Amino acid sequence: MNIEDRCLLADILKKKFAHLPSLYIDYIVDDLHKRLSDVIDYPIALTKQNLEDICCIVEIETKDFNLEILRSISLGIQIRNAVVHPVKFLFKKADMRAEAKPNDFLPSGAVLILHCFLPQKDRMEIIGDLEEEFFLIFKRDGRRKARFFMWLQAFLSLWPYVKGAAWAATIGRAIGWLQQLRG
Amino acid sequence: MAVFRLGSDAYGMTVRQTVAEASKNFTSIGAIYTTLERLEAKGFISSWQGEATAERGGRAKRYFKIEGSGIDALREKEQVRQNILGGLLGGVA
């Protein structure tokens, strides 16, 4: 069965067995597909005949089942999906990380801080220098060290400018105070 | 001294790396730029905009070059250092 046939089968079964939870139908279709692929190597086309057979199988298999049991099975599937999907997502994230370029890991927060607080005359040169060194460290030592370097530089690079501005402000106030004394 | 040592390849990142390697301390790029600007204001070094590269996100480099007065100042400082050191070593001997 190909994917289209599986979806079609699931839709037909969901309509035919409307009293059964839809997740359970999905589970049955998956299970059926696995069982069939264990027995037969080639894909089976969904025909009217085998559709009737499948409906009979589902009817027989679900006949003795209590609806509450089915609901609990359905809940089990939901829980399994809730647990498995985040794990899959983590793996996907790890794959994405492996495929990602160094540029994707450049800490935009650190760059933003530098953009906001550095004086305009040095801004582009400093950010450019840090970005260049970030890529060097990224290649040599990996993502974590490169990001740590960038954040540390972002904070420590501001200090000389803050100190200079504070010093200029202090001198300005001192001059103003002296002028007031003389005046 | 780092600008003098690096010659034509003296810009922010290389100067920072040279100073950090020589002093074996963590040096911030901001401290390097403020110092270089002070030296530029005194006329010891000069700077100009270089080319922009992809690794820098298309931002231009700022190259620094030591001027004649800068070399004179360096020689003078070195002479003072040697005089003091010579005096100290003479006292020890």
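## Interface between the chains

In this predicted model, 15 residues of chain B are in contact with 20 residues of chain A, two residues being in contact if their C-beta atoms, placed from the backbone, lie within 7 Å. On the side of chain B that touches chain A, the elements giving two or more residues are α2 (12-23), α3 (29-42) and β2 (60-66) of chain B, and the largest share, 5 residues, comes from α3(B). Helices (H or I, at least four residues) and strands (E, at least two) are DSSP runs, numbered from the N terminus.

Residues are numbered from 1 along each chain as its sequence is written, and chains are lettered from A in the order in which they are written. Local features need pLDDT of at least 70 and side-chain atom pairs count only at pLDDT 80 or more, whereas totals for chains, interfaces and linings use all residues.

## Nonpolar cores

A nonpolar core is a set of buried Ala, Val, Leu, Ile, Met, Phe, Trp, Tyr and Cys residues joined through C-beta atoms within 7 Å; a residue is buried if 20 or more other C-beta atoms lie within 10 Å of its own. The largest such core has 28 residues, and those with the most contacts inside it are A:I126, A:F134, A:M150, B:V3, B:V15 and B:F64. To this core α6(A) gives the most, with 7 residues.

Leaving aside neighbours within four places in sequence, A:I126 is in contact with residues of both chains, including A:L114, A:S157, B:I29 and B:Y33.

## Chain A

Chain A has 7 helices and 0 strands, and buried residues make up 17% of its 183 residues.

Methods
A residue is buried if 20 or more other C-beta atoms lie within 10 Å of its own, exposed if 12 or fewer, and partly exposed in between; C-beta atoms are placed from the backbone.
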